[in-house]
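Dear colleague,

Please find the structure below, followed by a short account of what was found in it.

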Amino acid sequence: MLVLIVLAVGTSQAQQVHSITLNEAIKLAKENNKNILKSRLEITLSEQNIKENKEQRLPEIELNGMYSRITNITEFRGSGFLKDKVVTKAIPEIYEVGTSFAMPIYAGNKINNAIKIANQENQISQIKKEKTENDIQLAVVDTYLAIYKMMELQKIFEENIKEEKSRLKEVQSLQKHGTVTKNEVIRAELQLSDRELNALTNSKNIKIALHDFKTLVQLPENEEITIDTTQNLDEMNGIDSYDSYLNKAFKNEEMRIADQEVDIRKTELNLVKGNYYPSINFFGNYGFNYPNYKFFPPNPYLYTLGQIGVSAKFDISGLYKNKTKVQMANTRIQWQENQTAILKDKVQDELFKNHTQYEEILEKFVVVDKALELADENYRIVKLKYLNQLVLITEMVDADNALLQAKYNKISTRIDAVMKHYELLHTAGAMPNEI
């Protein structure tokens, strides 16, 4: 009964392991990754900033009120200090209730330019969101393929451990018949121990990488996952011309952001130039007042008074104070254009490096395939010789190591090609929505 319970628990635990494909991982990351969520909030903030700047066109409306008590009015009409005073009784309470409004008619195009800057910043936030999604997608691909590579290496280790155990039994059998020395048995045991240590270290690295992967795609920490290694990796047998990638790279997210930054600096220049022009406002006010202090002595009556009109203000000091601000705005444009040129060179260098490295990896395919064939044949010949006592255990170990390395190189090169392909697409700003 206890055995059945243990088996049931083991089966339940096995069922809880979630195998994730690369497309599923990318989808989860785009939905849940905190950096992507942050970029979406930045878009919302930029949209609210547009709305706030548009509201500058709306009239400013104020409602005000006041209540106070005052003393009588005392006048000192004589030449003597504080002599011959005349007291006029005042109405002790004052009430005022009124409203006023002011609506901008013209402000040197400052409001329109402020709205334009807000729209340009919104476009940047949209591009930054796109860039963040592509950066996260590349990080998911990188982590996924790194785990894929380690899991394939684990398979090689496990196959090799089986081979090493079988060889150890053969060596121990040969020792019993006196055909090999104790030293060769020890050498075979050390080789097996070394493989088991490598497999243990690699399995722990897989565990760590899977934990990082869960954080990246925002899965619960207690959820057991693995990656789907049953899907075939894309065979990268060709590559487009460097120029075709370069044309796309000059329109990638970083370049588009840089271009928008230049446009913002130009709009800021127009905003600063607005200080050279007057501001014109449409205004009005209306209020209830008690008592009437428009006359003296004041009349104890409630009265109303309102006005409506146009006001204009021109800051003459802006003609000479604004000059430096305009120069600074022009300098910022030059600085931003220089930054864009620096970024363009950086993108071009990065693209050339990725394109060249991708070509190199593709050229390695034939080499690593041939190397695996040679290592496999060499291992077969050396093993046969070893069983016939024609070579030492050291040669057998060397052939085994060479075969293991050749197997890993073939898998690693294919995975590296996939990764470099997506790095190339990322630099070119052409990341696919699905893989």
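**Findings**

At 72% relative accessibility, Leu63 counts as exposed; buried means under 20% relative accessible area, exposed over 50%, and partly exposed in between (1.4 Å probe, protein chains only). This is a predicted model, in which local features need pLDDT of at least 70 and side-chain atom pairs count only at pLDDT 80 or more, while totals for chains, interfaces and linings use all residues. Residues are numbered from 1 along each chain as its sequence is written, and side-chain values use heavy atoms, with hydrogens and water left out.

Leu63 lies in strand β2 (residues 60–69). Together with Val97, Tyr286, Phe288 and Leu302, Leu63 forms a nonpolar surface patch with about 550 Å² of accessible area. Patches are made of residues with over 30% relative accessible area and no salt bridge, where like charges are joined within 9 Å and nonpolar side chains (Val, Leu, Ile, Met, Phe, Trp, Tyr) within 5 Å. Accessible areas come from the Shrake-Rupley method with a 1.4 Å probe, and for residues only the protein chains shown count as cover.

A patch of positive charge on the surface brings together Lys110, Lys313, Lys321 and Lys325. Lys and Arg count as positive and Asp and Glu as negative, whereas His and the chain ends are not counted; the place of a charge is taken as NZ of Lys, CZ of Arg, CG of Asp or CD of Glu. Lys110 belongs to helix α4 (residues 110–176) and is partly exposed, at 31% relative accessible area.

The chain has 9 helices and 8 strands; these are DSSP runs numbered from the N terminus, helices being H or I of at least four residues and strands E of at least two.

Side chains of opposite charge can pair when their charged atoms come close. The whole structure holds 19 salt bridges, each a side-chain nitrogen of Lys or Arg within 4 Å of a carboxyl oxygen of Asp or Glu. One of them joins Arg167 and Asp400 (3.8 Å, N to O). This pair links distant parts of the chain, with Arg167 in helix α4 and Asp400 in helix α9 (residues 393–427), 233 residues apart. Both Arg167 and Asp400 are buried.

Another salt bridge connects Arg380 and Glu377 (2.6 Å, N to O). These two residues are 3 residues apart in helix α8 (residues 318–387), about one turn of the helix. Arg380 is partly exposed at 46% relative accessibility, and Glu377 is partly exposed at 36%.

With kind regards
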